[in-house]
Amino acid sequence: MAKIKDIEFFNFRNFKHLKSSFDKNVNILVGDNGCGKTNILEGISLIAKGRGIRNSNIVNLIKKQEENFFIKSNLEIQKNEFNIKIFTEQKNEKFKKIIKINNDASKDSQDFLNHSISYLVFLPEMERLFQASPSYRRNFLDRLIFSSRNDYNRLINKYKKSLLERNKILQSYNIDYDWLNRIESEISLLGLEIYKLRNTQLNILNTELNYMKNDHNFQFDVKLEIKDDFVNTEINFEEYLSNLINSREYDKQFGGTKIGPHKSDIISIVNNEFEASLLSTGQQKTIVLMLLLAQCNYLVNHRKIKPIFLFDEIGSHLDKHNRQILLDMIKKFEIQFFLTGTDKNLFSFVSTNAQFYNITES
């Protein structure tokens with residue numbers, strides 16, 4: 001798997017120009033709020049499929065009053081070095097992200113890069129994961145699935161596109177029922193696949209957490225479940241499709257589609273007693289770190305994938321439980337970490353092997 005040797009930004013976010021080399025293990029970016037630490041993580045996350053950890057519009061990545069951005073990076077993949085170039089291209093008044101690997105932008109090169117790099121991400125808002133909206137929790141789970149299946153976003157996007165097409169048909173004056181039937185069949189197939197993959201991911205996390213109890217002194221026992229009024233038992237294609245057809249009038253009147261994986265929620269039961277939404281911010285952060293540790297253990301030991309960790313503003317609310325989980329990650333896995341915080345002292349518990357970088361706005 002890939003490790004990032006260096007990165008160089010031109011006209012990216014708040015940076016006119018910034019270049020930095022990185023350690024193959026732990027990199028800690030320190031600086032005041034607003035100096036661009038998160039922007040560096042975002043730039044790193046663009047070295048893959050998608051629009052990065054913030055899912056930003058490409059045009060918003062360009063420094064104000066500039067026409068485009070340019071990112072250069074050198075990756076080490078299986079002891080070989082690859083040069084990465086990322087830049088914007090404007091077509092029909094829209095901006096598109098272009099990636100070249102050793103000056104090659106072919107699909108084969110893109111597929112190679114996507115199979116060689118995987119990210120696990122912590123963002124500050126995840127401290128309230130179980131008090132956030134259901135869509136945020138779905139996105140969190142989907143990001144974990146994506147860390148092991150880089151084609152998963154294509155499935156999600158195709159499902160969302162089909163939902164929009166169905167809504168458009170239902171709101172039209174003359175409904176094309178042949179086309180509607182085809183779209184609903186596709187939605188049923190895609191929806192069932194998403195349900196299956198999400199359930200599999202939750203089972204993976206629950207299994208890993210249970211297995212890792214022996215090696216880690218976790219503060220909580222945690223079990224994840226999917227909450228969905230539509231799928232509470234095994235459902236097949238015919239039943240799914242029948243429910244979609246029966247909900248046409250309702251969906252036409254109120255808009256949207258009232259059944260499907262876009263309506264699911266993910267809940268966490270703590271110590272077999274209560275939901276994680278009742279926990280403090282710091283305690284919710286503990287559970288998120290436990291889940292990321294469990295996913296990393298699964299990726300490394302079962303999928304032979306070594307992800308890159310991008311942990312933004314991880315230094316706050318780091319009590320002894322959170323510090324221990326973070327240290328366990330660093331010590332147990334030979335992977336690359338990028339951590340950000342406002343003060344170097346927040347990371348005094350990290351091994352002296354960590355490399356520190358002072359970030360100032362350029």
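## Contact between helices α3 and α5

In this predicted model, Arg 138, Leu 141, Asp 142, Leu 144 and Ile 145 of helix α3 meet Leu 197, Arg 198, Gln 201, Leu 202 and Leu 205 of helix α5. Sorted by class, the contact of α3 with α5 is made up of six nonpolar, one polar and three charged residues.

Two packed helices are described by the angle between their axes and the distance between the axes. Here the axes of α3, which spans residues 134-146, and α5, which spans residues 177-212, come within 10 Å and cross at roughly 80°. Angles of 65 to 115 degrees count as roughly perpendicular, and α3 and α5 are therefore roughly perpendicular to each other.

## The five-stranded sheet

An open sheet is formed by five strands in the order β7-β11-β12-β3-β13, and their pairing is parallel. Strands β7 (119-122) and β13 (355-358) stand at the edges with a single partner strand each, so one side of each has no neighbour in the sheet. On average, and with direction ignored, neighbouring strands of this sheet are turned by 15° against each other.

Within the sheet, strand β11 (residues 308-311) runs parallel to strand β12 (residues 337-341), and three bridges join the two. Phe 309 has Phe 337 in β12 as its bridge partner.

## Helices on the sheet

Helix α9 (residues 320-332) packs on the sheet, where α9 touches β3 (26-30), β11 and β12, and the direction of α9 makes about 155° with that of β11. Helix α8 (residues 281-302) lies across β7 and β11, and runs at about 175° to β7.

How values were computed
Residues numbered from 1 in each chain as written. Predicted model: local features only at pLDDT ≥ 70, side-chain atom pairs only at ≥ 80, totals over all residues. Heavy atoms only, no water. Axes fitted to C-alpha atoms, helices over the stretch in contact; angles between N-to-C directions. Helix = DSSP H or I, 4+ residues; strand = E, 2+ residues; numbered from the N terminus. Parallel < 35°, antiparallel > 145°, perpendicular 65-115°, else oblique. Contact = heavy atoms within 4.5 Å. Nonpolar A, V, L, I, M, F, W, Y, C, P; charged D, E, K, R; others polar. Pairing = 2+ DSSP bridges.
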